[in-house]
Amino acid sequence: MTGQQKQIHLAAHFPGVNSTTVWTDPRSRSQIEFSSFEHLARTAERGRFDFFFLAEGLRLREYQGRIHDLDVVGRPESITLLNALAAVTDRLGLAATVNATFNEPYELARRLATLDHLSGGRAAWNVVTSSDAFTGENFRRGGYLDRADRYTRAAEFVATARELWDSWSPDGSPRPFAHTGPHFDIAGEFTVPRSPQGHPVVIQAGDSDEGREFAASSADVIFTRHGTLEAGRAFYADTKRRLAKYGREPSELKIMPGVSYVLGDTAADAAERAAVIREQQVSPQNAILALEQIWGRDLSSYDPDGPLPETDPDVGSDFVQGRVRVADPLAVAAKWRALSQEKGLSIRQTVIETTGRQSFIGTPEAVASELHEFVRTDAADGFILVPHLTPGGLDDFVDRVVPLLQERGVFRTEYTGPTLRSHLGLAEPVWKG
Amino acid sequence: MPVPRPLHLAAEIGGRPHYDAGYYTALALLAERGTLDFVTLGDSFARPGPDALAVLARVAPGTGRIGLVPAVTTTHTEPFHVSSAVATLDWVSRGRAGWSAAVSDTAAEAALFGRRDAAPGDDLWHEAGEVADVAARLWDSWEDDAEIRHVATGRFIDRDRLHYTDFTGRTFSVRGPSIVPRPPQGHPVTVVDGTGAAAREAAVRHADVVLVRADDPLTARTFREEIRNRAAAHGRSPDQLRVLVSLPVELHTSADAVGLARLIADWYAQDAADGFHLRPTDVERDLPLIVDGTVPLLQHHCLLRRFYPGATLREHLGLARPAGRYARSPRAPGSPPRAAHPQPHRPGPPLTKDATAGGRP
């Protein structure tokens, strides 16, 4: 073998608001106390991870017009929290998910540039957009943008932020900027000098066609849903191919699926643990809820350990509103019933079987091999690990899998640079100031 | 004075902008060594400088007791974001957060956002008051014990202990509830510089700490009396309000530091204020003199405490932790003011997890 092997990038997601976070586990601690975030971030840094990743919420989820009460729902505001984490870490990148629909470029560019300064060049921004009036009810601008417009706003938002980050002259004085476009018409002086990374790292989440194009034109990292090895390779090839038309090299965009994992001393042990975790994730109440989202009516009288309803879903029902939409409930119901009958599964078992996200399950050696295989064969450049426990959910991965990746020479044993860009192997952007 | 009351002392640590965290952390630690109640950090979109709230969040883990009060502007920002960020500062500092509400009244600041024209100060301060109001409502929108982790029913929260704010002001509306659970102090401390008339109206309605700029003790005392009376007229307890004289200071020698102590003691003896907010001309020069010269003298005269008896900014200020306005019934006497994972106080199946497992360290 010649040359260095392709290196794996690793990031850690703080497991917050979603039904995969197992808050019922006795080891699960606070989802909001700073000590929890500190523990997970320090663990990630001990494991020499590239960055720590926070999701965002701007309105509490509702179900049937009432606040959803089965999942973790509360969380702190990302950028403020990451500034505090910058005080207790030295090298770890700090990535905040921040919505481009309900923020303004000047203020957000300033907050991100401040985080980059105060962390010594470790800031990242995961750009997301929102399309629902539901979230808009918490904001001045209210309303919402349709799907196409929200991506044009996001693209112009990122471009505008970059103009601001470039607006100081190299001798350290602010220079006037002016931006006029369909979404923003702003001018003045930016208050923050160029930050250690030049531009904080930009992450794009989501893998729709518009999302891929946006990532190819504007992002440094794309946070995808993972798939099979084959699906991952297809996504990887397609997305990297798009970069050329924007004058970018394939290495300028890192593809990092969000993945979960379960470790065990043997394959059977890991599989058993994974099954227990799935049971914890799909509580009896969550199983009924998942069913109601397809059937479109109140099924609370059904026994989660009993059979699926024999009647068909109410098509066009407005029973469930908000985030969850099922495109073809009749087809999904038919598929679930077939599966249930074939394997003799209860409601809860059916939901466990059908809603699971692919995980890396096995011994530390097997998981290390599988992760390496994804990266070696260009299905990914790395992974954003989503543990199911707060805050200790990453401990075993760092203790048991990271050393194996290091032994293989595919993951760093020490940080080689101070900034997140240096961890990701990304060049500092050319200063257009 | 009929009743001895503690002297409160705070200092501004802004000035020439810095972009390294160590600079601000060193100043905050210095102020903490002087047992000051809090430090303020000014902010504006109109001049160079980092985001003040971010700076004090960065400072929080490296400090232990000092209150952290960044300026937060309310004119071009989203009230929902303001509330979330200040609540988060309270979480990361374990109950030491405040915020100083400010407005942006220039055309230059308006042009940075391109959404609204510059508006008169009266309108902006009315809006700032509304932002303070909705921020407090959002902090209350989670009752302290809303997180129940009730395994038997699968419920992480009790949705009946979460509340919509449904706030409609002149320029914005916020549905709520907050995303951030109720912060450790219930309400982080709201500070308003009430020197101007429009700001004073917002201050008497919404501020916990009012700063006033006055050149002599009599003017300050008159301000304080007016503020207390007007707060009372709004149904607030004046004793849950602190009025601090905001003084510019310029100290070159330890004799200057002694002079400042004498001035503080003299004004304080005349009931000019509940305390002082010192604004150094050169913070790197003046703050060490305040901490090593002025503070020991005030302590020697038993005007200033020698240690922090409490942990939160509200405790430093002697301000009660507010009950949530949406809470259906008052908390039982003697029950803990807050807990990360409170036990349910209503009859119901017991938690299966150890209720102290996720508790505060």
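**Group meeting: cavities, a pocket and the A–B interface**

A search of the whole structure turns up 10 cavities of 30 Å³ or more. Keep in mind that this is a predicted model.

Take the largest cavity. Its volume is about 230 Å³. Its lining has 17 residues. Nearest the centre of the largest cavity lie Glu107(A), Arg111(A), Asp51(B), Val72(B) and Thr77(B). So which elements supply at least two residues each of this lining? From chain A, that is helix H3 (105–118). From chain B, they are H2, strand E3 (67–73) and H3. By class, the lining of the largest cavity splits into seven nonpolar, four polar and six charged residues.

Next, the second largest pocket. About 540 Å³ of space lies in it. There are 21 lining residues, and the closest to the centre are Arg162(A), Asp220(A), Arg248(A), Glu252(A) and Pro429(A). Helix H5 (147–165) and helix H6 (209–218) of chain A each give at least two residues to the lining of this pocket. H5(A) gives the most, with four residues.

Now the interface. On chain B, 70 residues are in contact with 62 residues of chain A. Between them the two chains bury about 5800 Å². Carbon and sulfur atoms carry 59% of that area. Which residues of chain B lose the most area to chain A? They are Tyr19(B), Arg159(B) and Ile179(B), together 13% of what that side buries.

On to the charges. How many salt bridges does the rule find across the interface of chain B and chain A? Seven. One that involves Arg159(B) is its salt bridge with Asp69(A), where the closest N and O atoms are 3.7 Å apart.

For polar contacts, the count between chain B and chain A is 31 residue pairs, both residues at pLDDT 80 or more. Several elements of chain B each supply at least two residues of the side that touches chain A. The helices are H2 (52–59), H3 (79–92) and H4 (107–113). The strands are E5 (147–150), E6 (155–157) and E8 (173–174). H3(B) gives the most to that side, with nine residues. By class, the side of chain B that touches chain A has 35 nonpolar, 18 polar and 17 charged residues. Note that H3 of chain B also supplies at least two residues of the lining of the largest cavity.

Last, some backbone details. Thr390(A) and Pro391(A) are joined by a cis peptide bond, with omega about -5 degrees. Pro391(A) sits in the loop between strand E13 (382–385) and helix H13 (395–407) of chain A. Chain B has a cis peptide bond from Gly176(B) to Pro177(B), omega near -10 degrees. The place of Pro177(B) is the loop between E8 and strand E9 (189–193) of chain B.

For Arg48(A), phi is near 60 degrees. Arg48(A) is in the loop between helix H1 (34–46) and strand E2 (51–54) of chain A. For Gln64(A), phi is about 55 degrees. Gln64(A) is in the loop between strand E3 (62–63) and strand E4 (66–67) of chain A.

How values were computed. Residues are numbered from 1 along each chain as its sequence is written. Chains are lettered from A and ligands numbered from 1 in the order in which they are written. This is a predicted model: local features need pLDDT of at least 70, side-chain atom pairs count only at pLDDT 80 or more; totals for chains, interfaces and linings use all residues. Side-chain values use heavy atoms; hydrogens and water are left out. Contact means heavy atoms within 4.5 Å. Buried area is the accessible area (1.4 Å probe) that two parts lose on being put together, summed over both. A salt bridge is a side-chain nitrogen of Lys or Arg within 4 Å of a carboxyl oxygen of Asp or Glu. A polar contact is a pair of N or O atoms within 3.5 Å; within protein, one must be able to donate a hydrogen and the other to accept it, and residues adjacent in sequence count only if both atoms are side-chain atoms. Ala, Val, Leu, Ile, Met, Phe, Trp, Tyr, Cys and Pro count as nonpolar, Asp, Glu, Lys and Arg as charged, and the others, Gly among them, as polar. On a 1 Å grid over the protein atoms alone, a cavity is a set of points where a 1.4 Å probe fits but cannot get out, and a pocket is an open set with protein on both sides within 12 Å along at least five of seven lines; lining residues have an atom within 4 Å of a point. Grid points are joined across faces, edges and corners, and a volume is the space filled by probe spheres set on the points.
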